[in-house]
Structures are given as structure tokens and as C-alpha cells.
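The following report concerns a single protein chain and its local features. Please consult the sequence and the structure shown here alongside the text.

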Amino acid sequence: MPTLVVKHPDGSETEHELSGELKIGRQDINELVLTEGGVSRQHARIFVEGGKVMLEDLSSANGTYVDGERIGEAVVLTPQAQVVLGDYELKLKGGGRPATSARRASKPAPAEPAPEEGGPRSTRALPTLKPARPPGERLAKGERSAPNPAPAGAAPQPVLRGLTGPWANKTYPLKGKLVVGRAPPAAVMLEDDSISRKHAELERNPRGAVFLRDLGSANGTLLNGERLGQEPVEINPGDIIQFGMVEVVYESGDEPSNVPVRRDRSGAGPAVKGKGKGKVDPSDAPPAANKKKKLFIVAGAAVSLLLAAGVVKQLTTPPPPPPDFPTGDGPEVVGENFKEKVQELLSQCRSFASTDMGSEPQWEKAEAKCEEARVLDPINTEVNTLIKKIKVEKEAHAYFEAGTKLLTRLKEEEALDQFQKIPKESQYFRRAKIKVDEALVQVKKKALDDCKRYLDDNQWQAAVPRCDRYMGFWCQKQTREDLEPPIGYTLSLEGRVGKRQWRPKDKMFVRFLQARLKLDPNAETWKCAAGYDSEREDTDSPAARVKRMFKEKYSNAYMNSALFDYWAGRGNESLSKLQKVRSNYEQAALHGQTDLLIKDVGTVDQLFKTGQTLLTAGELERAAEPFDEALEIDKRLMMDMWETVPSFYRKNIQNDIAEKAYERGRDWIKREDPLRACKLWKIGFRFYKGNTDLIRVLSNVCSTRGTQLFGGAGSCAELAEVANWAVPGDGLEEKMAKKKEELQCK
């Protein structure tokens, strides 16, 4: 039976036997729960099909990488494959034909999807290109196809304009209420795996305002980078909307036309009399109208003469640069053409820099297009931000390619130097991580072999640098007690260890230190410097800060590691490590402290599970009690960092009860009981004040109603009614306290 080996961010490994389907994610509903950074609620699944172990990404936010490449569809997982999932590494161990569970056997294997007709989908579509359509799509979209372009002077029509991939510069008119999704009945069809079938909804009201809301999509809807909920939000021209991985911009379409045309209510253009209702022949216009028309013609001729004179003057004297538009080495572009050109270049730049379509970005072309846009509009914020990002990614790509080539030439140490130059914010950082691990194995092995050989041959000059290289890797996972003598002890490397003397337990480390002293008797004390680290954990990251805190608090390695496991949500592993300390009689001095930690960690874990069970059953108010108790104990365990670097338990309690409170409150609003809704919303707000949905409804419903009642409150009983609607922080409680003094309420 194959086994899945999971390497956690802290370096520890766990094994899980594969039998049927294994769902992986952050939520407890998954068979394999991974709680560290970069893991979605339901991230991926591993299953057996046709005798093969398959891995499939479940539309996760940060993706699943196999051998450095992000996967879209299910792929075969082999023992040689390196899988990166958030901050975790996965590897398959074991061979042979894996067994499947009864649950998998009871379901027929899904049929392999037939290849799409019309050729492969474009991976680097330019703004003028359109993606190939599978058969039947035109028929499926027949009722929702965009109308023919309106004639000149037509009424302004708001649209969504695509910004990336095959949707670049493609427009979608907005009329009434329409759905954005991947399949019918969506009016705006975006055929991409990141789009849900019914992803979002747009509605244009009679006043012309356009509202947007998410329909509970898997990957969410972002408005200018902020994730939307299911409450409608008004959007403005120029807003950037992201459905899954597809970006569009909202345009009002109300730019003035060069040739304005007077239109009747039907919106039709001028026509000959008798051809339809409301259509008037110009010859039937009254004399006054014809006279006005002649005046317009004369005025137009005069303006033309003035313009001609201006042209002559322009030819004879060089004009200063136009103030409205920047000048540069590129072609002169003015007016509406200027805006369109900048947007077209931006769209092309995004397409070349995008990884959405599954191909490698073309950084050179992306940079060239963005530079063209910057020549036209040097102060455009988006253009300058994109150029900065492209330069970083372009440089990171060069390091990645150089390191990869050096690896193929078996120059692992030089490859490591290249990979270490890749910044952490680059998309190539995760891809390089696997290759760094591969190189580290070879470099460490080679350095260890050289170290042993030179030491055995008493070649101290050659041994010291090679041993120093290996020890730089080895010491990264050692404790201070393994590397340095305790306070009050001295280092002894020869003969018997006397009183107040100390010698490392690792024999190779001892031989290395002896070699250093033979080469230089006055050598300084060797220190473990920061070496190559495939994780390259940021020293200011939350995990690093928590590790430092627990190491300073608990000198015992098992204890500080157990508390870090608790912070990360691995309650069972934390308790297991604490039990090891408790069962070690040599650590009797720590047993009292360990007993208290075992009690606290076990209590928090149990209270958390109890509260989650009540929350799932819809008993929000009952769930608040165990959650309150769990957070109080968590505060004691996390000490000074309980709020700045919250534990897994605190984060999940706060987020889950806030989300559930919002949902339950909406149910009571539908039942026309806003007071009950406000009570539930305030419970969620008490636990977590960062939920934007709760903040919005508390302000719009509860605080608004409380302010209205306060304005008419003239008695103590009426003030008590106001208190039911007041929200902490909205100022009503302070106003009520002052008025209670005036009314002398008890």
C-alpha cells in the first residue's frame, strides 16, 4: 500500500497510508488537515484510479506544484515526484498497485474527458484574438450574445472590458441583471477553471447604478483587491474586478461622442418619415430649425478657417508640449486614442506576464509593452507597478534558469548560489525550493565525504574548509545544548572530561573542532552561521517569532517544540511531545510545568472541538461558552503574543464564529426579525472585529436603528430599548450613559 510522506514547515515528517481518496486542506472536514500558511480550506485531493495514484488541485488559491510546475488537472503521482502544497512538501513512498477503498470501488471510474474540438486553447492571447469555441457554445450563448455595435451617437452603454488572457479588450454590455460564470445560464461566460458555474451577479438599476455581488464562488470575487461577500456593492467606472483569475475593468461608456445625434426615446437614429413611429424626415422640419441648421454650418466654416490658420502657425513655429498628454519617443497619440492605446499596451503587458493560461511568462515582451505604455503615460500608477514587478520576476527567472542549468552539469554548490538570490516574493521562489532541496542533498553528501577523507588522512588544511561546509548544514537543526558548552563549563576536546568540562556528543563535530585547533591553536570559537536553508524562513515571520518566544521560555527542546505544534494547531503532536518529557525521569524537575501544559493544551483542543460541533449544529450562542474558555487558556499559553501572532485555535475560533454569526443573522433578517439578527451579529463581533461583512451589517442595520430610537428616546425604558441595538464602538453607549444621568435612570 503506498504511503504519503508529509514534510511540515518546521522540518518534521508524518506518514499517511493511502486507501481510496484523501482530501487535503485547512478545514477539519478533510482527511489530511494541514494548518500552516498557503493551504486553502479544501486544497487538493489524492485518489486511486486505474491502478495509479492521482493528485488533483481543488481550485486552491495558491496552487499545487509538482516538480516545480503548477498543476491544473489531475496528474499521476509517482514516488519520484516532488509536491509542494503551500508551506508543505509531499512525497509518495511505496510501489506496486495500490489498493482502493470500498468507497472508491463502489463508484465507477469517471470517463476520461474528450479533447475539445477546435484545437488547444490559446495561452498567450493578444487583445485582438479570441479563444477557440467548443462545438455548441454559439448555440448555448445565442440568447445572450452581445448586441451589434450601436451606430454613432448611440446612448452610452456600460460594459465590462477584459484585461488578461483571451478576454483582453473583449467587452460585455451590462443590461438589467446578469450572471457571470463558466457555463449557462451565465450571461457573461468566462471559460476558465478558476470561475464557478455561477460566480457573481451584476445588476444595473433604473438610475444607471451598477451593483456587484459574489454568488458564493469557490475562488471569490475581488473589487480593487478587496474580496466581496454576497451583499451587493455599487461599482464605479475604472474599478478593477477579478473573477477567480480573470480580471476585467468596469467602464461606464459615457464618454462624449464626436458627432452627437439627437435621438428619440426608442434610441433609434434619424430615419425617413413614415418608416416608423417617432421618425421624422428632415425636410418636414420647421423653418426655424432649418435656419438654426444654416447658422451651425456657417459657424462650422468659421471654426474650420481658424483651425487652418492654427495649422499654418504650427508649421512655422515649434509648439510647446501639449499639457494634457505626455510626450516621448513613441508615436504621438491624443484624445480618446491616447487612453485606448495605453489600455491596449497594458493589456498586452499583462498577457505576456501572466501565468493564468499555464505557459511560461514572456518577461522581455511584457517589459517592452509596459515601457511603451509608460512613454505615453509616465505617471500611470499601474504601469509603473507592473514594470517594477516584471523587473523583479525577470531577474528571478534568470537566476532560476542559471541554477537549473548548473544542476544539470552537476555543479550543485554554484546552483545553490544562484537559487539563493531569488527573492521570496517572486513566483520562482516556490519552484526553486524543490531544486534547492535536491542540490542540498548532493552538496551535503559531497562535503561530508570530503571531510571524512581528509580527516582520516590528517590533511587538516584541506579538511577544515570542507568540514566547515558540512557543519554549516548540520548545525541548522541542532539545539544550542548540542553546539555550545553550558554556562560555567569549558570546552574539552582531548582526554577525559573533567568537572565543569563539556564535550559535544557528535563525534564528527568533535573531530572537526580538533582539526581547527591543529591548524590554528588560537582559532576563535566556532559558531553556527546562517547556512543554506531551503525554507529560508523570514526571521520576522510569525512562525519564527513564535519559535524564538518558546525557545526563550522553555529550554527543553521537546517542550518548546510542543508549544510550537500547539500554535500551529497540531494538538495531538503537541501532547505527544509533552508526554515524552513527562515519562522521562531524568527530567523530573520539569514534570510539574509539563503537567500544567498538558492540561491546558488538552483542554483547549477539546473545547475547540466542542465549540465547532455546536457551531456546525447551528447553536451559535451555546458555542460561544466553550470558545470563550478556550481563548482564555490560549491567552495564557501564548503569553505576550496571544494577540499579535494568534494561534491556529484563536484564528479559527474568531473567523468561524464571525462567519456563522453573519449567516445566521441574515436568516433572521429574512424572517423580518432584525433585533434577533443584531444579537447574533454582536456575538460574532465580540469574538472578531475584523469581519467586514459583520461590520457592514452592524453599521447599516443595528447602529442605524439604534440612532433612530435614541433620537426619540425620552424615558429610561426607551433608552433600554436603544441598548439592544447599540454596537460597541458606534458611540451610542456613551450617548446613552450621558442621557441616563440627565434622566436619573438607575
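## An aromatic pair within a helix

F564 and W567 both belong to helix α13 (residues 557-567), and because they are three residues apart there, about one helical turn separates them. The model that shows this arrangement is predicted. Both residues are buried, F564 as well as W567.

## Aromatic pairs across the structure

A pair of aromatic rings is described by two quantities, the distance of the centres and the angle of the planes. When the whole structure is searched, 11 aromatic pairs are found. One of them joins F564 and W567, with 5.4 Å from centre to centre and 35 degrees between the planes, a geometry classed as tilted. In another pair, F648 and Y649, the ring centres are 5.4 Å apart and the planes lie at 80 degrees; this pair is therefore edge-to-face, as the angle is over 60 degrees. F648 is buried, and Y649 is buried too.

Ring pairs also build a cluster, whose members are W474, F509, F512 and W526.

## Charges over rings

Two arginine residues are placed over aromatic rings. R453 lies over the face of Y454, with a distance of 5.1 Å to the ring centre. For R705, the charged end sits over the ring of W725, and the distance to the centre of that ring is 6.0 Å.

## Cavities

How many cavities of 30 Å³ or more does a search of the whole structure find? The search returns two. The second largest cavity has a volume of about 50 Å³.

Sorted by class, the lining of the second largest cavity comprises three nonpolar residues, one polar residue and two charged residues.

## Overall architecture

The secondary structure of the protein chain consists of 21 helices and 24 strands. Of the 746 residues in the protein chain, 38% are buried. Among contacts in the protein chain with a separation of 6 or more, 50% are between residues 24 or more positions apart.

## Selected loop residues

Is A186 buried or exposed? A186 has a relative accessible area of 2%, and it is buried because this value is under 20%. The residue is found in the loop that runs between β14 (177-181) and β15 (188-189). A186 and H199 are 13 residues apart in sequence, and their C-alpha atoms are 8.7 Å apart in space.

Two further loop residues have a positive phi. R500, which is not a glycine, has a positive phi of about 60 degrees. R500 is found in the loop between β23 (490-491) and β24 (501-502). Its relative accessibility is 47%, so R500 counts as partly exposed. E672, likewise a residue other than glycine, has a positive phi near 60 degrees. The loop that holds E672 lies between α17 (648-670) and α18 (674-687). The relative accessibility of E672 is 71%, and because this is over 50%, E672 counts as exposed.

Conventions
Residues are numbered from 1 along each chain as its sequence is written. This is a predicted model: local features need pLDDT of at least 70, side-chain atom pairs count only at pLDDT 80 or more; totals for chains, interfaces and linings use all residues. Side-chain values use heavy atoms; hydrogens and water are left out. On a 1 Å grid over the protein atoms alone, a cavity is a set of points where a 1.4 Å probe fits but cannot get out, and a pocket is an open set with protein on both sides within 12 Å along at least five of seven lines; lining residues have an atom within 4 Å of a point. Grid points are joined across faces, edges and corners, and a volume is the space filled by probe spheres set on the points. Ala, Val, Leu, Ile, Met, Phe, Trp, Tyr, Cys and Pro count as nonpolar, Asp, Glu, Lys and Arg as charged, and the others, Gly among them, as polar. Rings of Phe, Tyr and Trp (its six-membered ring) pair if their centres lie within 6.5 Å; planes under 30 degrees apart count as stacked, over 60 as edge-to-face and the rest as tilted. Helices (H or I, at least four residues) and strands (E, at least two) are DSSP runs, numbered from the N terminus. Buried means under 20% relative accessible area, exposed over 50%, partly exposed in between (1.4 Å probe, protein chains only). A charge sits over a ring if NZ of Lys or CZ of Arg is within 6 Å of the ring centre and within 35 degrees of the ring normal. Contact means heavy atoms within 4.5 Å.
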